[in-house]
Amino acid sequence: MANVYNVKLSREGLSGGISQMTVTYKVSFNHFERITADGKIRFREYIELWGDDSGLTGGDDFLYRAPTSVFDSSSSPLTRTRNFNVSNEILDEDWGKDEVYARVRIVPIIPSGDIEKSNTITGWF
């Protein structure tokens, strides 16, 4: 199974109450993922922002899910960087100072077959 590690989150304030979020992380692939189909197993990436509440106001709060992306296992380790813009209102998750972290999940895209319906035959069977 692919391993995600060294996840780092940074923020740059933009005009209009917008923040540009940057998530960088590394992925290492196992032997099977590297050799299968010449390292072209595809993965779907899910990046979420969460508010870290440390149990003071309950569990951590889901804030935002970035648009998904797809990549392949052509090199290992692989460094990925994603940028996306988020309203500061979304990041404002606490009274006072806010604490936000990114959670990265990757899922292999399993090759699938095709389904097609035939014509309809009629009769008294």
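User: Is Glu45 buried or exposed in this model?

Analyst: Buried means under 20% relative accessible area, exposed over 50%, and partly exposed in between, with a 1.4 Å probe and protein chains only. Glu45 counts as buried because its relative accessibility is 0%. Bear in mind that this is a predicted model: local features need pLDDT of at least 70, side-chain atom pairs count only at pLDDT 80 or more, and totals for chains, interfaces and linings use all residues. Residues are numbered from 1 along each chain as its sequence is written, and side-chain values use heavy atoms, with hydrogens and water left out.

User: Which side chains make a polar contact with the side chain of Glu45?

Analyst: A polar contact is a pair of N or O atoms within 3.5 Å; within protein, one must be able to donate a hydrogen and the other to accept it, and residues adjacent in sequence count only if both atoms are side-chain atoms. Here the Glu45 side chain pairs that way with the side chain of Tyr25 at 2.3 Å and with that of Arg80 at 3.3 Å.

User: Which residues touch the most other members of the largest nonpolar core?

Analyst: In soluble globular proteins, nonpolar side chains tend to be buried together. A nonpolar core is a set of buried Ala, Val, Leu, Ile, Met, Phe, Trp, Tyr and Cys residues joined through side-chain atoms within 4.5 Å. The largest one has 20 residues, and Leu49, Phe71 and Phe84 touch the most other members. Leaving aside neighbours within four places in sequence, Phe71 is also in contact (heavy atoms within 4.5 Å) with residues including Tyr25, Glu45 and Arg80.
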